[in-house]
Amino acid sequence: MSTRNIALFVALVLALVAPFVAYPVFLMTALCFALFAGAFNLLLGYAGLMSFGHAMFFGMAAYFFGHVVKAWGLPPELGLLAGVLGGAALGLVTGALAIRRQGIYFAMITLAFAQMIYFLCVQMPFTHGEDGLQGIPRRALLGGLLPITSDFTLYYVVLAIFLFGYGCIYRFIHSPFGQVLKAIRENEPRAVSLGYEADRYKLLAFVLSAALSGLAGATKAMVLQFATLTDVSAGLSGEVVLMALVGGLGTLSGPIVGAFIIITMQNYLAGFGEFVLVIQGAIFVVIVMAFRKGLVGEIAAWWKARRPKG
Amino acid sequence: MFELLGISPPALFGQLLLGLINGAFYAMLSLGLAVIFGMLNVINFTHGAQYMMGAFAAWLLLGMLDVPFWAALVLAPIIVGLIGVVLERLLLKRIYHLDHLYGFLLTFGLALVIEGMFQWKWGSSGAPYPSPIAGGWNLGFMYLPKYRGFVVVAALAICLITWYAIERTRLGAYLRAATENPTLVRAFGINVPRLITITYGVGVGLAAMAGVLAAPIQQVSALMGTNLVLVVFAVVVIGGMGSIMGSIVTGFSLGLIEGLTKVFYPPASNTVIFVVMALVLLVKPAGLFGQTK
């Protein structure tokens with residue numbers, strides 16, 4: 001077995017035994033954010049598109065999930081589907097507009113649209129404004145065969161969703177589609193001159209990333225049983241950037257590592273109130289100034305550098 | 001006609017005035033962003049935090065040293081501008097060679113640190129700042145508080161002075177030249193890095209001055225710039241960052257549009273600027289005054 005496969009195997013075993021050691025709700029939350037950060041990284045790390053408004057997909061999907069399950073009384077599978085499709089649809093509309101500008105404007109446009117969605121969520125009746133959707137029931141899955149009221153059972157469901165989502169990301173990156181995305185990131189005019197319609201590829205990547213962020217958001221609503229304005233806020237959009245950045249942009253496992261670090265940090269620092277913001281901001285500054293590759297990226301670079309010596 | 005629509009003239013003009021005041025802040029802030037972006041190639045996410053620091057500086061100067069508003073209007077921008085200069089020398093100048101993305105992330109992180117610290121020290125509820133000009137004029141169709149009238153005029157004057165300084169003076173010519181081709185300008189013996197530092201300091205100072213002007217109107221609070229900077233980003237996308245006059249015109253017009261929306265369809269007043277942005281992206285993706293790169 002190669003080192004890579006051993007690492008994967010160890011990670012999988014760890015994931016399976018984790019709820020015996022750690023608090024399952026914490027693990028599930030971290031997995032949702034890991035998937036979210038992975039979806040964000042698909043866009044920035046592989047397509048070179050910096051979205052600063054990804055919370056709109058995550059948060060809207062959480063609301064959609066809550067509405068479908070709580071107000072309409074439908075099973076959670078449909079709630080998850082609503083989250084994914086809702087995220088994709090929102091991604092299609094905002095993405096089609098945002099890709100009309102390049103570079104830093106793209107980030108500002110996505111940020112502005114996310115802020116618009118935030119204001120809409122404050123006003124729309126189905127989101128219940130400041131209160132948010134509370135007490136979303138945990139209905140049984142598979143037509144009543146799989147009850148998920150126990151955190152322990154739900155953990156394995158969430159793990160399965162996470163693996164499915166991350167499997168999709170892996171497939172996208174290693175497909176011809178992923179290669180074209182990289183080509184566009186490296187040199188857009190050249191990709192266009194080779195006959196690739198860059199805008200269509202970018203839009204597709206944006207929609208895929210939005211759909212997976214939607215899956216993450218809907219799953220989060222299933223786990224924590226609420227959807228609130230925090231889920232669509234600019235603060236969360238910033239947090240997901242931070243997760244991907246801490247772990248390493250353009251690495252597959254980086255966002256997972258980053259999400260676990262940030263969620264753990266938030267758990268421990270919850271008592272410090274505003275100081276969490278200061279620390280998050282300081283991490284941004286330190287990473288941009290000194291560790292642009294992120295944790296996984298730096299380790300990979302170090303590994304590569306010492307390899308030739310034996 | 002107004003009665004037909006169920007809107008009284010005082011309400012209409014009152015909202016238009018509010019819109020004009022908001023527009024004044026949009027114009028001042030987007031102007032600063034555009035100037036900074038032109039020289040530094042960095043979108044200054046800290047702009048909202050620096051606006052807040054301007055208001056706080058005025059409030060602290062008044063509370064601790066009894067410095068009146070008029071002195072604070074000059075002192076606060078200088079203080080905050082100097083802090084900006086330090087940030088530029090220490091951090092920003094090291095990332096100019098990188099992708100725009102990193103400047104955005106760095107200044108975003110700085111904004112979090114600054115706003116978090118102010119929130120930690122002074123809480124998130126606002127503090128009032130007494131209005132330096134009391135009273136108002138009754139114009140017949142509306143009541144105009146004197147200070148609000150002053151803010152609109154002052155902001156317009158500051159914007160026009162900035163425009164004049166950049167488009168009509170020698171220093172402005174160096175600045176524009178350095179934006180186009182820094183290497184060539186350096187070859188002529190002009191200290192471009194110093195020019196960049198000055199530009200950042202002045203851009204930040206403009207944001208702080210807007211903050212001082214806003215202090216008597218809004219509450220002085222740690223998060224007063226957080227949402228504002230997001231709206232200003234939309235303003236910048238709408239106007240494009242290519243033209244100084246463009247930023248001024250776009251800022252004031254969007255404030256007015258927002259004010260009108262508050263009169264005719266209040267629920268949309270928060271989102272109207274973003275809708276305008278979507279429309280502009282559809283029709284003229286480069287922005288109203290922008291050039292396609």
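**Domains, chains and helices in a predicted model**

Visitor: How far apart do the C-alpha centres of domain 1 of chain B and domain 2 of chain B lie?

Guide: This is a predicted model, in which local features need pLDDT of at least 70, side-chain atom pairs count only at pLDDT 80 or more, and totals for chains, interfaces and linings use all residues. Residues are numbered from 1 along each chain as its sequence is written, while chains are lettered from A and ligands numbered from 1 in the order in which they are written. In chain B, domain 1 covers 40-116 + 127-157 + 197-220 and domain 2 covers 225-293, with bounds from an automatic or database domain assignment. The C-alpha centres of these two domains of chain B are separated by 20 Å.

Visitor: Which element of chain A gives the most to the side that touches chain B?

Guide: Residues are in contact if their C-beta atoms, placed from the backbone, lie within 7 Å, and the contact takes 33 residues from chain A and 34 residues from chain B. Helices are DSSP runs (H or I, at least four residues), numbered from the N terminus. With 14 residues, the element that gives the most to this side of chain A is α5(A).

Conventions:
Contact = placed C-beta atoms within 7 Å. Helix = DSSP H or I, 4+ residues; strand = E, 2+ residues; numbered from the N terminus.
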